[in-house]
Amino acid sequence: PTPGGGSASAVCASIGLATGTMSAVYTKPKKEKPSLDAAALSNLAKKLQEASFHSLVLAQRDEEAFTALERTWKKDNDISRTEVELIKKQALDVPLELFNHSYKNIVILDEFLPKCSKNIISDAKVSIHLLCGSARAAFQTVLVNKPSVELTKDLQAKLKQIEKIESGLIQ
């Protein structure tokens, strides 16, 4: 039965990024913030919107990867050993891509916060919280697919950075 956790975390990322897009759209350049310009805000909104759409693509890819992986569990399958390894790799690669996608956009939105309109900053923070949840959920999906020790350590280091960013939002 799909979608499962990987797809759910990708949809969560999409919603978070849509909220981040709204925050960028509603932030307007002000005289007291000369570092903000309309083109940069428009570019940020466009990138976040594209990232939101990409998250939905990842949700679909995760569903497809899980469906393929599920086929390999059947005793009477006719899938070659090479194909099984490829399917397992895809089952790991999709949530790994989602984790990195969420992480990258958490950092982008965290850098945007000081520039965000005070009237909409809570929405930008909600965006980050949703992406943090997505990254943590994607991490769980990565783990179930047996990543290398090195990859796990790298992701755990990024999770610590995510935790630091998120804890900064609630102070």
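Guide: A salt bridge here is a side-chain nitrogen of Lys or Arg within 4 Å of a carboxyl oxygen of Asp or Glu. The model is predicted, and the structure holds 5 salt bridges.

Visitor: Why is the contact of Glu-83 with Arg-71 called a salt bridge?

Guide: The closest N and O atoms of Glu-83 and Arg-71 are 3.8 Å apart. The cut-off is within 4 Å, so the pair counts as a salt bridge.

Visitor: What parts does the pair of Glu-83 and Arg-71 tie together?

Guide: Glu-83 belongs to helix α3 (residues 81-112) and Arg-71 to helix α2 (residues 38-72), so the pair links parts that are 12 residues apart in sequence.

Visitor: What makes Asp-93 and Lys-89 a salt bridge?

Guide: Their N to O distance is 2.5 Å, and the definition asks for within 4 Å, so the pair qualifies. Both residues lie in helix α3, 4 residues apart, about one turn of the helix.

Visitor: Why is Lys-89 called partly exposed?

Guide: Lys-89 has 48% relative accessibility. Exposed means over 50% and buried means under 20%, so Lys-89 falls in between.

Visitor: Which helices hold Glu-166 and Arg-136?

Guide: Glu-166 and Arg-136 form a salt bridge, with the closest N and O atoms 2.9 Å apart. Glu-166 lies in helix α5 (residues 149-169) and Arg-136 in helix α4 (residues 121-144), so the pair ties together parts that are 30 residues apart in sequence.

Visitor: How do you know whether Glu-166 is buried or exposed?

Guide: Its relative accessible area is 16%. Buried means under 20%, so Glu-166 is buried.

Note on methods. Residues numbered from 1 in each chain as written. Predicted model: local features only at pLDDT ≥ 70, side-chain atom pairs only at ≥ 80, totals over all residues. Heavy atoms only, no water. Helix = DSSP H or I, 4+ residues; strand = E, 2+ residues; numbered from the N terminus. Buried < 20%, exposed > 50% of the residue type's maximum accessible area, 1.4 Å probe, protein only.
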